[in-house]
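Hi everyone, thanks for making time. Have a look at the sequence and the model on the screen, and I'll walk you through the sheets, the helices packed on them and then the ligand site.

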Amino acid sequence: MTITDEETAAVKTHLAARAVAAVKVYGADDTEVRALDGVDIGFKRGRFTAIMGPSGSGKSTLMHCMAALDTLTSGQVLIGETVLSSLSDRELTQLRRDRLGFVFQAFNLVPTLTAIENITLPMSLARRDPDHDWLDTVVSTVGLGDRLSHRPSELSGGQQQRVAVSRAMAAKPEIIFADEPTGNLDSRTGAGILEFMRQAVDRFGQTIVMVTHDPVAASHADTAVFLVDGRIHGEIPAPTAERVLDYMKELGD
Ligand code: ADP
């Protein structure tokens, strides 16, 4: 059986982002570290994927290279059908701004702006008019009510992270990259954020890729992918916290 070009194209359009034979080497000679050692992975549109693995297995490196924050030594990263290595620095900046969303462990909100100003900041910087219906939807889902006019210092950690997730969603990015988004939150507050991210995927078709150490956090994802020594070791579809924990024990994490 041969695969037609149309079939190949149909598979590709299902992927919001992918890495092909991704290699990242830090240092040289004696100090060389292969942080990524030939990673092939695709992230399906409208899905929530957790990237897991022992400390030093390459999770952050993979995410940074996927999110156009760092470059590969060899191999390719594609966002949709755009090959990142074909873009200039200016085009990469534009791609990060227009097509990607980011959520970090440390919230990274601007302290002098209100919650709603933080949410719309990326669009203000891009001088782009927000889609007001969409913004209303995001803002009503965020559940902050009158706190939208408060500054980050007047909000709890969980509320600040809800603002950060809303900010990532506001410009309707093709994919959101989240780096340990619940790492600074207690487990109940973290669960609220993960449910909020889950809703973004289920109700609004958002695509999310999240690096996490936490089996409970990973259980909110559609798939947990495991990295070991810079390679994909395996994945768990529809992960439960127990199955993720068992897998981590097998890896000796
Ligand atoms: P993880 O996120 O899974 O903990 P990382 O992607 O941070 O793993 O790191 C993978 C490997 O690459 C580790 O051995 C780490 O020490 C190494 N590494 C990461 N960043 C750098 C860097 N800037 N310079 C040198 N080595 C690095």
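Let's start with the open sheet of four strands, where the order is β2-β1-β4-β5 and the pairing is antiparallel. Its edge strands are β2 and β5 (82-83), each of which pairs on one side only. Before I go further, two housekeeping notes. This is a predicted model, so local features need pLDDT of at least 70 and side-chain atom pairs count only at pLDDT 80 or more, while totals for chains, interfaces and linings use all residues. Residues are numbered from 1 along each chain as its sequence is written, and side-chain values use heavy atoms, with hydrogens and water left out.

Two strands pair if DSSP finds at least two bridges between them. As a reminder, strands of a sheet pair through backbone hydrogen bonds, either parallel or antiparallel.

Now, how many bridges join β1 to β2? Nine, with β1 covering residues 15-26 and the two strands running antiparallel. Along that pairing, Val25 has Arg34 of β2 as its bridge partner, and Ala19 stands opposite Ile41 in β2. The two strands form a hairpin with six residues between them, and Gly27 in the turn has a positive phi of about 70°.

Across β1, β2 and β4 (74-79) lies α2, running at about 120° to β1. Angles here run from 0 to 180 degrees between N-to-C directions, on axes fitted to C-alpha atoms, for helices over the stretch in contact; contact means heavy atoms within 4.5 Å.

On to the other sheet. It is open too, with six strands in the order β6-β7-β8-β3-β9-β10 and mixed pairing. The edges are β6 (100-103) and β10, each pairing on one side only, and the twist averages 20° from one strand to the next.

For a parallel pair, take β3 (residues 48-52) and β8 (residues 208-211), joined by four bridges; Ala50 stands opposite Met210 there. Helix α9 (residues 241-251) packs on this sheet, touching β3, β9 and β10, and its direction makes about 155° with that of β10. Helix α6 (residues 157-170) lies across β6 and β7 (175-179), at about 170° to β6.

For an antiparallel pair, β9 (residues 223-228) and β10 (residues 231-237) share six bridges, and Val225 stands opposite Glu235. Their hairpin has two residues between the strands, and Asp229 takes a positive phi near 50°.

Finally, the ligand. Which residues are around it? They are Tyr26, Val33, Ala35, Pro54, Ser55, Gly56, Ser57, Gly58, Lys59, Ser60 and Thr61, where near means a heavy atom within 4 Å. By class, four are nonpolar, six polar and one charged, with Tyr and Pro counted as nonpolar and Gly as polar.

Elements giving two or more residues to the shell are β2 (33-44) and α2 (59-66), and α2 provides the largest share, three residues.
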